[in-house]
Amino acid sequence: MWRNSATVSFSSKLLSYSSSSANPNYFHYASAFSIFSPNGVVDQTLSPSHQRFYCSSAVPSPSPSSGSVIKLGFLANKSDAFRPLCLKARDAVQLARHYGRCYWELSKARLSMLVVATSGTGYVLGSGNAVDLAGLCYTCAGTMMVAASANSLNQVFEINNDAKMKRTRLRPLPSGRIAIPHAVTWASSVGFAGTALLAWKANMLAAGLAASNLVLYAFVYTPLKQIHPVNTWVGAVVGAIPPLLGWAAASGQISLNGLILPAALYLWQIPHFMALAYLCRDDYAAGGYRMFSLADASGRRTAAVAFRNCLYLIPLGFIAYDWGVASGWFCVESSVITLAISAAAFSFYRDRTTQKARRMFYASLLYLPVFMSGLLFHRLSDNPQCLAENPNSIVELPSFPEAVTESEEDDQKKKVRYVTAGPQGRAPVAYASIAPFPFLPVPSYVDQ
């Protein structure tokens with residue numbers, strides 16, 4: 001109470017002193033801080049720097065000296081000088097948060113990170129015995145930017161459809177949180193930057209795959225969603241390209257072994273999206289999309305397609321083992337998890353309910369990370385690739401030995417040492433391998 005009374009008296013004395021003073025700074029100080037009255041609320045009609053603060057009593061108190069007023073006026077002038085800077089800084093932080101959130105949602109960041117995970121897995125599988133960590137980081141960064149661009153363009157083209165769906169009506173464009181030209185500029189910038197990064201730090205093959213996938217997703221798959229149910233299979237091709245991109249970025253070529261993970265991604269997406277399309281049938285119909293499940297009232301064909309593609313996943317583990325990509329343990333693990341997702345799909349086929357569709361959807365979410373982790377853990381890194389003198393470059397060695405063979409007691413464990421001269425006078429590079437796993441012939445050198 002004494003504090004309020006002192007404040008009222010001080011304010012009144014200060015106003016009277018400043019009005020009679022020739023120096024206008026004192027009045028500026030009094031008006032810039034506060035004008036008090038006996039109410040207990042703040043007048044919200046004024047700006048924040050001129051809001052009226054009210055107190056509960058008006059007991060007079062001794063007035064301050066002129067020296068105190070001069071000192072307080074000096075401090076007030078300094079405070080007024082720094083206040084605009086603080087407000088600008090606060091506005092800048094709020095603006096950065098706003099657009100950061102919009103960019104995050106436009107990019108579908110969680111989906112883009114899944115794409116990056118598949119691309120990174122493909123890079124490791126294509127790297128052989130030595131993984132270039134810098135190249136892996138560049139490939140993941142470029143893939144992330146291209147995926148963010150494709151997802152942003154997808155939302156630009158589907159703004160009217162998203163506004164009609166409960167699941168998407170709060171996205172940045174339908175909700176009006178960001179303008180269409182701004183979103184187009186963002187998508188174009190990150191798409192170009194990601195493609196350029198892949199061309200610069202990986203190779204042109206990886207950059208070409210990234211650019212073609214962006215075009216396929218944004219300009220083919222997106223409009224096809226409103227035209228024909230075949231869009232699901234086109235979208236599966238889009239999802240299968242990132243692991244192939246990673247393999248190409250690491251090895252500089254597309255080989256038969258590099259098609260195992262893309263095949264798994266393609267086949268996996270069919271039951272995954274069939275379950276999602278069944279669960280969101282009403283929403284897709286409201287948005288104007290032509291999904292496969294909308295023409296299947298009973299859901300029987302939708303469940304049959306999902307179950308059939310789950311069965312197609314079974315041979316992939318055996319193929320990976322037969323081609324020397326992974327060990328026999330991966331063959332067993334892949335079979336187990338594929339039978340599990342197939343059982344969920346068969347359960348949905350027998351009893352086409354929302355509960356069974358959701359169970360198959362969750363099974364598909366579990367399948368992919370387990371499959372990729374098993375493929376990485378059990379991979380056989382006997383491809384003829386190693387580090388040269390420069391640890392940031394990877395050299396592929398030809399399959400013709402020029403040096404001697406070191407024999408051991410067990411012929412199955414003997415090691416063959418390959419020594420070859422690098423191109424253009426590069427120092428010889430040696431690579432050791434287990435004899436039962438022969439090298440794949442590689443005709444040329446690849447420099448990063």
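Predicted model: local features only at pLDDT ≥ 70, side-chain atom pairs only at ≥ 80, totals over all residues.
K108 is placed in the loop between helix 3 (66-106) and helix 4. Helices here are DSSP runs of H or I with at least four residues, strands are E runs of at least two, and both are numbered from the N terminus. Residues are numbered from 1 along each chain as its sequence is written.

Phi of K108 is near 50°, a positive value in a residue other than glycine. Most residues other than glycine have a negative phi. K108 counts as buried because its relative accessibility is 17%. Buried means under 20% relative accessible area, exposed means over 50%, and partly exposed lies in between (1.4 Å probe, protein chains only).

**The chain as a whole**

The protein chain holds 15 helices and 5 strands. Of its 448 residues, 43% count as buried. Its accessible surface comes to about 23,300 Å², and 63% of that belongs to carbon and sulfur atoms. Areas come from the Shrake-Rupley method with a 1.4 Å probe; for residues, only the protein chains shown count as cover. Contact means heavy atoms within 4.5 Å. Among contacts between residues at least 6 apart in sequence, 66% join residues at least 24 apart.

**Helix 4 and T118**

T118 sits in helix 4 (residues 109-126). Its relative accessible area is 3%, so T118 is buried. Leaving aside residues up to four places away in sequence, T118 touches P242, P243, L261, L265 and M372. M372 is also one of the buried residues of helix 15.

Helix 14 covers residues 328-350. At 1.5 Å a residue, its 23 residues should span 33 Å, and its end C-alpha atoms are 33 Å apart, which agrees. The expected span is 1.5 Å times one less than the number of residues. Helix 15 has 24 residues and reaches 35 Å from its first C-alpha to its last, close to the expected 34 Å.

Both helices have buried residues. In helix 14 they include F330, C331, I337, I341 and F348. Cover for the buried residues of helix 14 includes helix 10 (260-279), helix 12 (300-312), helix 13 (315-322) and helix 15 (354-377). In helix 15, the buried residues include K356, M360, F361, L368 and L375. Here the cover includes helix 4, helix 10, helix 12 and helix 14.

R359 lies in helix 15. With 44% relative accessibility, R359 counts as partly exposed. R359 and I341 are 18 residues apart along the chain, and their C-alpha atoms are separated by 9.5 Å.

**Aromatic rings**

A search of the whole structure finds 11 aromatic pairs. Rings of Phe, Tyr and Trp (its six-membered ring) pair if their centres lie within 6.5 Å; planes under 30 degrees apart are stacked, over 60 edge-to-face, and the rest tilted. Two of the pairs are tabulated here.

| Pair | Centre distance | Plane angle | Class |
|---|---|---|---|
| Y284 and Y289 | 6.0 Å | 80° | edge-to-face |
| Y367 and F371 | 5.6 Å | 25° | stacked |

Y284 and Y289 are both buried. Y367 and F371 both lie in helix 15, 4 residues apart, about one turn of the helix. Y367 is buried, with a relative accessible area of 2%. F371 is buried too, at 1%. Elsewhere, Y99, Y103 and W186 form one aromatic cluster.

**Charges over rings**

A charge sits over a ring if NZ of Lys or CZ of Arg is within 6 Å of the ring centre and within 35 degrees of the ring normal. K225 lies over the face of Y289, at 4.7 Å from the ring centre. Y289 also belongs to the edge-to-face pair with Y284. The charged end of K201 sits over the ring of W200, 4.1 Å from its centre.

**Cysteines**

A search of the whole structure finds 0 disulfides. A disulfide is a pair of cysteine sulfur atoms within 2.5 Å. C86 is exposed, with a relative accessible area of 53%. C331, in helix 14, counts as buried at 10% relative accessibility.

Conventions: Heavy atoms only, no water.
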